[in-house]
Amino acid sequence: MKHNYIIGNNILTVICDDTEIYQRINKWLITFKVVDIEQENNLLIINKSILRLILNNKEILNINLDTTDLYPIVMNIISNLINNEDNIVLHSSVISKNGYGVLILGTFGAGKTNLSLIAGKRGYKINSADFSWLAIQNQELYLKKGSCYLKYESKERILPDEDCNSAVNIRKVIYLIGACDGGKIKVDKVINYKHVIKRIFPFANWHSSIPLMGGDIVLPINNIYIKKFLVNFSKLGIDFLLVRGDSNELISMINDKIVI
């Protein structure tokens, strides 16, 4: 099985001899267009339980396949093919209403997906469910592409392509410390740009800071690109809020700002 995906200005070819693994990878990459163009400078090959990765004509991995490594490897590939001073891939969600986009950050399990689903019931579009390709254009922050694949409590769905591929203007960033039903809303605005950069940074390179189970190697990522993008982001003046509390009340708070 084989697919060629356009990711950024690059083409990634995925070749896999395991149907289940191939389908899993395709769900993560479904945001990106599939084309017939073949190139060999970016390859992800899985054959007989061996995973081989080539990026920009350089072999990065040749390891025994451990399925727990698949997700960080795919996220690392996407990041390496997109990241530069004007573009970045973040582990995040994006919701929007009336052209007002909200970027939601939070560690795994913090409640990003649940918050997005609640927002979806309140008239918001879910533009990104897991990873977001963000771009700075004309001194504005936009979602260029969002992840279409959404999984919550073992239930899977694919978000509408037109929602995940629309240019959403990000007007606010929410760092979700924790969501809890019935909890009192607490909001702290972070003003120090260095603190903002340090808060966001782990969501850009998390896949390169964890060990791979299939081999003794660390996935590469250009941290200078990430830093330069975040420095540029910090100059845009977008509200960066640390929040915790009840998810429904939080959506109401965001909605009030949009309506006003």
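## A guided look at the fold, its pocket and its cavity

In this predicted model, 69% of the contacts between residues at least 6 apart in sequence join residues at least 24 apart.

Visitor: Hello! How many helices and strands are there in the protein?
Guide: Welcome! This is a predicted model, and its C-alpha trace spans about 55 × 35 × 35 Å along the principal axes. Its elements come to 8 helices and 17 strands.

Visitor: What is the radius of gyration of the protein, and what does the globule rule give for 260 residues?
Guide: The two values are close, so the protein is as compact as a globular protein of that length. The radius of gyration is 18 Å, and the globule rule gives 18 Å.

Visitor: What percentage of the 260 residues count as buried?
Guide: To be buried, a residue must have under 20% relative accessible area. The accessible surface of the protein comes to about 12700 Å², and carbon and sulfur atoms hold 48% of that surface. Of the 260 residues, the buried share is 52%.

Visitor: Let's turn to the largest pocket. Which residues are closest to its centre?
Guide: The largest pocket holds about 520 Å³ of space. Its lining has 25 residues, and the closest to the centre are Trp28, Tyr71, Asp130, Tyr149 and Lys151.

Visitor: Which element supplies the largest share of the lining of the largest pocket?
Guide: At least two lining residues come from each of α1 (19-29), α3 (112-120) and β13 (149-152). By class, the lining of this pocket has 9 nonpolar, 9 polar and 7 charged residues. The largest share is 5 residues, and the element that gives them is α1.

Visitor: Is threonine 113 buried or exposed?
Guide: Threonine 113 sits in helix α3. Leaving out residues up to four places away in sequence, it touches Ala129, Leu150, Lys151 and Tyr152. The relative accessible area of threonine 113 is 18%, and the limit for this class is under 20%, so threonine 113 is buried.

Visitor: Now for the cavity. Which element gives the most to the lining of the largest cavity?
Guide: The structure has 1 cavity of 30 Å³ or more, and the largest cavity holds about 40 Å³ of space. Two or more lining residues come from each of α2 (70-82), β7 and α6. With 3 residues, the element that gives the most is β7.

Visitor: How many charged residues are in the lining of the largest cavity?
Guide: The lining is made up of Met75, Ser79, Val89, Leu90, His91, Phe131, Phe203, Ala204, Trp206 and His207. By class, 7 of them are nonpolar and 3 are polar, and the number of charged residues is none.

Visitor: Leucine 90 is in that lining. What is its relative accessibility?
Guide: Leucine 90 lies in strand β7, which covers residues 87-91. Beyond residues up to four places away in sequence, it touches Leu103, Leu105, Asp130, Phe131, Ser132, Leu134, Ile200, Phe203 and Ala204. Leucine 90 counts as buried, with a relative accessibility of 2%.

Visitor: What distance separates the C-alpha atoms of leucine 90 and leucine 103?
Guide: Leucine 103 is among the residues that leucine 90 touches. The two leucines are 13 residues apart along the chain, and their C-alpha atoms are separated by 9.8 Å.

Visitor: How does proline 202 count by its relative accessibility?
Guide: Proline 202 lies in helix α6, residues 202-205. Its C-alpha atom is 27 Å from that of asparagine 57, which is 145 residues away along the chain. Exposed would need over 50% and buried under 20%; proline 202 has 41% relative accessibility, so it counts as partly exposed.

Visitor: What is the phi of glutamine 139?
Guide: Most residues other than glycine have a negative phi. Glutamine 139 is found in the loop between β11 (131-137) and β12 (140-146), and at 59% relative accessibility it counts as exposed. Although it is not a glycine, its phi is positive, at about 60°.

Visitor: Where does glutamate 153 lie?
Guide: Glutamate 153 has a positive phi of about 50° although it is not a glycine. With a relative accessible area of 62%, glutamate 153 is exposed. Its place is the loop between β13 and β14 (155-158).

Terms used. Residues are numbered from 1 along each chain as its sequence is written. This is a predicted model: local features need pLDDT of at least 70, side-chain atom pairs count only at pLDDT 80 or more; totals for chains, interfaces and linings use all residues. Side-chain values use heavy atoms; hydrogens and water are left out. On a 1 Å grid over the protein atoms alone, a cavity is a set of points where a 1.4 Å probe fits but cannot get out, and a pocket is an open set with protein on both sides within 12 Å along at least five of seven lines; lining residues have an atom within 4 Å of a point. Grid points are joined across faces, edges and corners, and a volume is the space filled by probe spheres set on the points. Helices (H or I, at least four residues) and strands (E, at least two) are DSSP runs, numbered from the N terminus. Ala, Val, Leu, Ile, Met, Phe, Trp, Tyr, Cys and Pro count as nonpolar, Asp, Glu, Lys and Arg as charged, and the others, Gly among them, as polar. The radius of gyration is taken over C-alpha atoms; the globule rule is 2.2 Å times the number of residues to the power 0.38. Buried means under 20% relative accessible area, exposed over 50%, partly exposed in between (1.4 Å probe, protein chains only). Contact means heavy atoms within 4.5 Å. Accessible areas come from the Shrake-Rupley method with a 1.4 Å probe; for residues, only the protein chains shown count as cover.
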